[in-house]
Amino acid sequence: KANSKMSNKIVSSVAYGDYDAYFNGAWIHYDEIKIAPDDRGFELSDGVFDIARTFNGVPFVLERHIDRLYRSLKFLRIDAELTPEEMTVICNEGILRNEHRKSEAGDFTIHPFVTRGRYLDGPPTVCVSIKPVDFPSFAKFYVEGAHGVITRTRSYTSDTVEPKVKHHSRLNMVLATLEAHDVDPEALPILLDQNGNVTEGTGNNVFLMKDGILKTPDDKHILQGVSRDVVMEVANKLGIPVSVEDIQPYDLYTADEVFFTRTSPRIVPVSRVDGRHIGNQIPGPITQQLIAGHSEMVGIDLVGQALHKAGLTT
């Protein structure tokens with residue numbers, strides 16, 4: 001039974017300051033990580049990152065996240081001074097070093113980042129942090145649905161900051177979040193490209209269902225989301241047609257179902273966009289199928305785990 005206070009804004013109370021983290025060759029506590037004020041990652045957003053997660057304590061499609069991280073590094077010409085295989089070993093070691101916290105955390109996020117360091121030619125700053133999945137930040141959306149707000153601030157274009165790179169240059173996403181919260185303090189922003197087509201959120205990809213077809217924007221102006229790809233694979237296994245195409249705000253407003261995909265929740269049902277109600281139930285029937293299919297893939301009830309760890313079930 002869902003907690004009656006579910007509609008209140010929930011802030012995670014899980015502490016992770018003493019979780020073990022990798023930082024420039026050493027294992028230290030997370031709250032001991034210190035970035036130099038003149039690090040280019042801090043001064044110029046000259047860095048890249050990725051975020052994966054575990055299920056039952058086991059990293060899920062970690063190789064895809066590491067591959068994307070190294071594509072981003074290659075594009076920005078940053079040398080991590082670690083091979084992808086070495087970075088993978090560090091990520092797995094981080095999980096093992098924090099494994100005794102699994103019962104408390106439920107599951108972990110894996111957050112590697114690399115900056116160019118203090119100078120144009122390095123050496124780089126390299127960190128891999130392990131944190132508890134922040135279930136309270138999204139659990140209630142499985143029941144109530146998230147609210148989306150289309151913002152004035154647009155996505156970057158490939159001739160400014162390449163959106164396929166998972167970089168730290170995210171001021172447009174900060175502005176979009178502020179704009180969305182001006183409309184609805186709990187809303188998640190939805191960005192458009194320069195032509196008015198839907199792109200993505202600040203940390204999620206966008207999907208809609210219309211007339212039995214699952215639709216999502218193409219990757220011209222979005223991050224190529226790992227969770228996005230996994231959900232399309234689940235849809236294919238379930239026989240749900242998938243179309244990658246231009247999507248306008250009108251298409252979201254008139255959709256049968258809308259949901260977001262991102263690393264920790266995987267699938268986030270959306271109940272309204274710009275105040276317009278979406279569908280007749282949350283999650284919608286196809287979204288429910290996708291959640292069930294994804295749960296089967298990872299061996300965990302996505303909704304049940306999130307509600308339990310967020311304290312929303314009794």
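Helix H2 (62-76) and strand S6 each supply at least two residues of the lining of the second largest cavity, where helices (H or I, at least four residues) and strands (E, at least two) are DSSP runs numbered from the N terminus. A cavity here is a set of points, on a 1 Å grid over the protein atoms alone, where a 1.4 Å probe fits but cannot get out; a pocket is an open set with protein on both sides within 12 Å along at least five of seven lines, and lining residues have an atom within 4 Å of a point. The model is a predicted one, with local features needing pLDDT of at least 70 and side-chain atom pairs counting only at pLDDT 80 or more, while totals for chains, interfaces and linings use all residues. Residues are numbered from 1 along each chain as its sequence is written, and side-chain values use heavy atoms, with hydrogens and water left out.

Back to that second largest cavity. About 30 Å³ of space lies in it, a volume being the space filled by probe spheres set on the grid points, which are joined across faces, edges and corners. Its lining is made up of Asp 50, Ile 51, Ala 52, Leu 62, His 65, Ile 66, Leu 69, Ile 110 and Pro 112. Helix H2 gives the most to this lining, with four residues. By class, the lining has seven nonpolar, one polar and one charged residues (Ala, Val, Leu, Ile, Met, Phe, Trp, Tyr, Cys and Pro count as nonpolar, Asp, Glu, Lys and Arg as charged, and the others, Gly among them, as polar).

Searching the whole structure turns up two cavities of 30 Å³ or more. The largest cavity holds about 50 Å³ of space. It is lined by 13 residues, and Glu 257, Val 270, Gln 281, Ile 282 and Gly 284 lie nearest its centre. Strands S13 (257-262) and S14 (266-273) each put at least two residues into this lining, which splits into six nonpolar, five polar and two charged residues.

Of its 13 lining residues, Tyr 30, Ile 33, Ile 35, His 111 and Phe 113 are the closest to its centre. Helix H1 (40-44), strand S6 (108-115) and strand S7 (125-132) are the elements that give two or more residues to the lining of this pocket. The lining itself comes out as six nonpolar, five polar and two charged residues.

Then there are the charged pairs. The whole structure has 17 salt bridges, each a side-chain nitrogen of Lys or Arg within 4 Å of a carboxyl oxygen of Asp or Glu. In one of them, Arg 118 meets Asp 38 at 3.0 Å, N to O. This pair ties together distant parts of the chain, 80 residues apart: Arg 118 sits in the loop between S6 and S7, and Asp 38 in the loop between strand S2 (26-29) and H1. Arg 118 is partly exposed at 44% relative accessible area, and Asp 38 is partly exposed at 28% (buried means under 20%, exposed over 50%, partly exposed in between, with a 1.4 Å probe and protein chains only).

Asp 256 and Lys 210 also meet in a salt bridge, at 3.9 Å, N to O. Here the partners are 46 residues apart, with Asp 256 in the loop between helix H8 (249-253) and S13, and Lys 210 in strand S10 (residues 205-210).
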